[in-house]
Amino acid sequence: MRKRGGPEVFRITGARQGLADDVRGRQRRYVISMGVRTLSVIAAAVLWNVERHVAVVALALGVLLPYIAVVIANAGRESAPTLPSTFMPTPVRPALGADEGGTESGAERPYGQG
């Protein structure tokens with residue numbers, strides 16, 4: 001049970017992912033893409049004499065995927081989410097001295113009339 005006089009706890013909703021989690025996710029994506037590359041090179045070797053067109057596509061994937069995987073892995077951290085602004089603009093106040101009779105101030109009328 002929490003004390004009423006204890007420190008106030010704030011929820012952070014716009015925080016980025018931790019650095020260790022970010023690195024782990026990039027490593028996982030890199031390993032998965034290298035696994036796909038390995039399978040595509042093996043498929044190209046197996047299918048070379050059977051289905052040459054599919055083997056060429058698999059070989060092209062095996063050649064291009066390392067470059068794509070390295071670019072994705074080195075892309076860096078995600079951008080920080082935008083937090084709601086705490087800035088509150090000053091409220092617009094109506095101008096003073098506007099009358100319903102068409103004059104802008106009481107200085108144009110004689111004293112005591114109006």
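Where is the place of Trp48 relative to helix H1 (19-47) and helix H2 (52-73)? In this predicted model, Trp48 belongs to the loop between the two helices. Its relative accessible area is 35%, and Trp48 is therefore partly exposed. Trp48 also takes part in a nonpolar surface patch, together with Val56, Leu59, Val63, Leu64, Tyr67, Ile68, Val71 and Ile72. The accessible area of these residues together is about 860 Å².

The secondary structure of the chain consists of two helices, with zero strands. Of the 114 residues in the chain, 12% are buried. The chain exposes about 10400 Å², of which carbon and sulfur atoms supply 62%. Among contacts with a separation of 6 or more, 63% are accounted for by residues 24 or more positions apart.

Helix H1 contains 29 residues, and its end C-alpha atoms lie 42 Å apart. This distance agrees with the span of 42 Å that should result at 1.5 Å a residue. The buried residues of H1 are Asp22, Gly25, Arg26, Ser33, Met34, Ser40 and Ala44. H2 is included in what covers these buried residues.

Arg26, found in helix H1, has a relative accessibility of 16% and so falls below the 20% limit for a buried residue. Not counting residues up to four places away in sequence, Arg26 touches Ile72, Ala73, Asn74 and Gly76. One of these, Ile72, is also a member of the nonpolar surface patch.

Side chains of opposite charge can pair when their charged atoms come close. A search of the whole structure finds two salt bridges. In one, the side chains of Arg26 and Asp22 meet with an N to O distance of 3.3 Å. Both residues lie in helix H1, four residues apart, which is about one turn of the helix. Asp22 is buried, because its relative accessible area is 5%, and Arg26 likewise counts as buried.

In the other salt bridge, the side chains of Asp21 and Arg24 meet, again at 3.3 Å, N to O. Asp21 and Arg24 are three residues apart in helix H1, about one turn of the helix. An α-helix has 3.6 residues a turn, so residues three or four places apart point the same way. Asp21 counts as partly exposed at 36% relative accessibility, and Arg24 is partly exposed with a relative accessible area of 46%.

Terms used. Residues numbered from 1 in each chain as written. Predicted model: local features only at pLDDT ≥ 70, side-chain atom pairs only at ≥ 80, totals over all residues. Heavy atoms only, no water. Patch = residues over 30% accessible without salt bridge, like charges linked within 9 Å, V, L, I, M, F, W, Y side chains within 5 Å. Areas by Shrake-Rupley, 256 points an atom, 1.4 Å probe, with all protein chains shown as cover. Salt bridge = Lys/Arg side-chain N within 4 Å of Asp/Glu carboxyl O. Buried < 20%, exposed > 50% of the residue type's maximum accessible area, 1.4 Å probe, protein only. Contact = heavy atoms within 4.5 Å. Expected span 1.5 Å × (residues − 1).
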